[in-house]
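Good morning. I will take the fold as a whole, then the strands and helices, then a few backbone details. Please have a look at the model first.

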Amino acid sequence: MSDKGVLIRSKAPLRISFAGGGTDVSPYCDERGGAVLSATIDMYAYCSIVPRNDRQISIRSLDYGREERWTANGLFTYDGNLDLIKAVLNHFDVKQGFDMFLHCDAPPGSGLGGSSTVIVSILGAITEWMNEPMSQYEMAKLAYSLEREELGFKGGRQDQYAAVFGGFNYIEFKGNDTIVTPLRIKGDVLNELHYLLLLCYTGKTRDSANIIDEQTKGYIDKKEDVVQALDNAKKLAKETKDALMVGDIKRIGVLLNESWEQKKRFTKKITNDRVDAIYSTAMANGALGGKISGAGGGGFMFFICDYERKHVVAKELAKLGVEMTHFNFDKHGLQTWRFMR
């Protein structure tokens with residue numbers, strides 16, 4: 001490969017999950033089918049690659065504060081140290097050296113689909129560099145396979161597809177098949193939804209693996225409350241999508257509240273005293289409904305608020321140490337490009 005002076009970059013958007021999260025986790029989605037409604041936002045995972053003329057690999061991860069030096073001379077061993085990168089390099093049998101720089105707009109454990117978005121950004125940069133074109137479905141499926149199956153990282157299927165496709169998507173999971181339906185939403189509806197939506201950071205990240213393990217165990221053990229809650233969450237995903245398509249944003253707020261009530265039934269680890277305090281404060285001051293984005297326990301939360309009360313909700317949450325996050329919706333999904341240095 002002759003890439004002297006070329007800089008390859010990629011960026012993949014993070015997402016917020018409006019409804020259905022948890023129904024994309026195996027074995028529930030394999031046996032009963034799942035559905036989620038999600039939207040990507042203008043917070044991204046970035047990957048930059050500068051090709052080298054030797055076999056030396058230099059990795060800098062801003063989020064984990066790590067710098068690693070490897071040699072491209074065979075399969076990399078998974079040891080818990082930047083394994084997402086190793087899985088991609090092993091898959092494409094990369095034999096040329098390069099310098100890589102990674103960073104993400106949200107901290108690990110934020111509930112915005114971070115690790116899945118990171119591996120999508122790595123795949124995007126590597127495939128751009130190696131001239132390996134892939135369809136959106138192929139890219140998302142490979143990201144899922146490497147992260148969940150090859151590495152065994154706990155989680156569902158929605159994040160990889162959201163990061164690759166971008167925008168508002170209704171994503172269905174039927175056995176081994178994943179079907180992404182991009183939603184064409186009127187500009188007025190998107191502007192109003194954005195205006196009423198409050199995205200905030202609880203100030204505490206969480207380990208989603210333990211939460212997902214307990215949720216999965218509850219389903220495998222056929223606990224009636226867990227199975228029923230997952231079924232209800234799947235139904236609410238469709239109802240929320242339908243409300244969005246007709247622009248009934250207040251209805252979406254009500255459905256978010258219902259989704260949060262169902263999500264809390266997955267496992268007791270979904271919420272905690274701090275999350276409950278944040279949620280009750282928001283609802284008491286003008287929120288119509290909201291939920292945690294992601295597995296639960298912390299990270300980001302979002303609320304749909306009455307427009308005359310949104311500033312009050314923000315003020316009261318700030319008293320609890322909650323940070324408001326300015327954002328907009330992303331329409332593009334994974335993007336890659338080359339630039340001459």
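I start with a definition: the radius of gyration here is taken over C-alpha atoms, and the globule rule is 2.2 Å times the number of residues to the power 0.38. For 341 residues, a compact globule would have a radius of gyration near 20 Å, and the protein chain agrees because its value is 20 Å.

Two remarks on the source. This is a predicted model, in which local features need pLDDT of at least 70, side-chain atom pairs count only at pLDDT 80 or more, and totals for chains, interfaces and linings use all residues. Residues are numbered from 1 along each chain as its sequence is written, and side-chain values use heavy atoms, with hydrogens and water left out.

Now the overall figures. Along the principal axes, the C-alpha atoms of the protein chain fill a box of roughly 60 × 45 × 35 Å. The chain has 11 helices and 12 strands; these are DSSP runs numbered from the N terminus, with helices being H or I of at least four residues and strands being E of at least two.

How much of the protein chain is buried? Of its 341 residues, 56% are buried. Buried means under 20% relative accessible area, exposed means over 50%, and partly exposed is in between, with a 1.4 Å probe and protein chains only. The protein chain exposes about 15000 Å², of which carbon and sulfur atoms supply 48%. Those areas come from the Shrake-Rupley method with a 1.4 Å probe, and for residues only the protein chains shown count as cover.

On contacts, meaning heavy atoms within 4.5 Å: among those in the protein chain with a separation of 6 or more, 74% are between residues 24 or more positions apart.

On charge, Lys and Arg count as positive, Asp and Glu as negative, and His and the chain ends are not counted. Each charge is placed at NZ of Lys, CZ of Arg, CG of Asp or CD of Glu. The 44 positive and 44 negative charges of the protein chain have mean positions 1 Å apart.

Next, the strands. Two strands pair if DSSP finds at least two bridges between them. Strand E1, residues 6–19, has 13 of its 14 residues buried, so it is largely enclosed by the rest of the structure. Which strands does E1 pair with? One is E12, residues 335–340, joined to E1 by 6 bridges and antiparallel to it; here Val6 stands opposite Met340. Another is E2, residues 34–51, also antiparallel, with 10 bridges to E1; Arg9 stands opposite Ser48 in E2.

Strands E3 (residues 56–61) and E4 (residues 66–71) run antiparallel and share 6 bridges. Ile57 has Trp70 as its bridge partner in E4. The two strands form a hairpin with 4 residues between them, and Gly65 in the turn has a positive phi of about 60 degrees. Ser61 belongs to E3 and counts as buried because its relative accessibility is 6%. Leaving out residues up to four places away in sequence, Ser61 touches Arg66, Leu82 and Leu102.

There is also an open sheet of 4 strands, in the order E9-E10-E8-E11 with antiparallel pairing. Its edge strands are E9 (287–292) and E11 (323–324), each pairing on one side only. E9 and E10 (residues 300–305) are joined by 5 bridges, and Gly290 stands opposite Phe303 in E10.

Now helix H2, residues 83–92, which is mostly covered, with 9 of its 10 residues buried. Among the buried ones are Leu84, Ile85, Val88 and Phe92. What do the buried residues of H2 pack against? They pack against E3, E4, strand E5 (98–104), helix H3 (114–129) and helix H4 (136–150).

Last, the backbone. Most residues other than glycine have a negative phi, and most peptide bonds are trans. Asp93 is not a glycine, yet its phi is positive, about 50 degrees. Asp93 follows H2, in the loop between H2 and E5, and is partly exposed at 46% relative accessible area. Asn131, also not a glycine, has a positive phi near 55 degrees. Asn131 sits in the loop between H3 and H4 and counts as exposed, at 58% relative accessibility. Finally, Ser26 and Pro27 are joined by a cis peptide bond with omega about 5 degrees; Pro27 is in the loop between E1 and helix H1 (28–32).
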